[in-house]
Amino acid sequence: MSKWMKNLMLVIFALVFLATWGDVPASASTPITPYGSARFQSNIATIDVSKVPAKYRSIWLSAIQAWNRTGVFTFQLANGTDAQVTAKVTSAIGGSYTGMTYLTVDNQGYIAKAECDINNQTLKSFHYANFEWVNVAEHELGHAIGLNHNPGRASVMYAANRFYSIQKVDTVAVQRLYASSPDRISIGSRRKRIYDPVLDVRIKRSFDKSLALGPTAGHDTEHLKGPTTLIEIAIQTNRILAMMADLSE
């Protein structure tokens, strides 16, 4: 077999490898996003972004548009105290957190108010890219809708999400939540505060170790089923390219 033909076969192998190993495991291993029983009365809620400084407002507007495009929930812009959701930017929630959502649930089990915060200081300190800021904002809006944290990485509602926008596992969860009845109680309103931890990109080191050594204590083993992030795909691509270089010599 000629060197040219051998290299062509390796390129085809690499493309198939990434297509079948990079996409399937992420969707197969991530469960439907968990949710509670509390929700808005309908899948439409008003949101106020007027308190957000102008330089950050586009982050929240992009996150709102992302949810609206899914068709499973709609946020309508409104100003003032009558808005059901208030979006903010603050550093007061602590340097270990990217965001926080504060929910108030009425005695009928419906969400009455939601405050969604993103932490500009933490996001800057850990060098989140603009699209990652939007992902965090989408995550906080997911809490406002009624979603809980997803244990799988391939979800906007993963607790330390940084890389993922809204996924099908998230939209299916919203559809199911709003097709169900709220948890009607008679003991007055309830309040819930949800904090979301920062994800340091240096976590790449744990990806490398896990891929080389297999499951170890303290590591999320979901990614062992295949590269489910851009970082892991890059690692595998580099390995394939190195193998191609060796065989072509």
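Me: Two strands pair if DSSP finds at least two bridges between them. With that settled, which residue in β5 stands opposite valine 89?

Reply: In this predicted model, strand β3 and strand β5, the latter spanning residues 111–118, run in the parallel sense and are paired over five bridges. Across from valine 89, the residue in β5 is isoleucine 118.

Me: Which residue in β3 is the bridge partner of aspartate 48?

Reply: β3 also pairs with β1, again in the parallel sense, over two bridges. Four of the five residues of β3 (residues 85–89) are buried, so this strand is largely enclosed by the rest of the structure. Within β3, the bridge partner of aspartate 48 is threonine 86.

Me: How many residues apart in sequence are the parts that the pair of phenylalanine 40 and phenylalanine 73 ties together?

Reply: Among the five aromatic pairs in the structure, the one formed by phenylalanine 40 and phenylalanine 73 is tilted, with 6.1 Å centre to centre and 45 degrees between the planes. Phenylalanine 40 belongs to the loop between α2 (24–29) and β1 (44–48), and phenylalanine 73 to the loop between α3 (54–70) and β2 (74–77), so the separation in sequence of the parts they tie together is 33 residues.

Me: How are the rings of phenylalanine 73 and phenylalanine 75 arranged as a pair?

Reply: Both phenylalanine 73 and phenylalanine 75 are buried, and one aromatic cluster holds these two together with Phe40 and Tyr178. Because the ring centres of phenylalanine 73 and phenylalanine 75 lie 4.8 Å apart with the planes at 50 degrees, the pair is tilted.

Methods: Residues numbered from 1 in each chain as written. Predicted model: local features only at pLDDT ≥ 70, side-chain atom pairs only at ≥ 80, totals over all residues. Heavy atoms only, no water. Phe/Tyr/Trp six-rings, centres within 6.5 Å; stacked < 30°, edge-to-face > 60°. Buried < 20%, exposed > 50% of the residue type's maximum accessible area, 1.4 Å probe, protein only.
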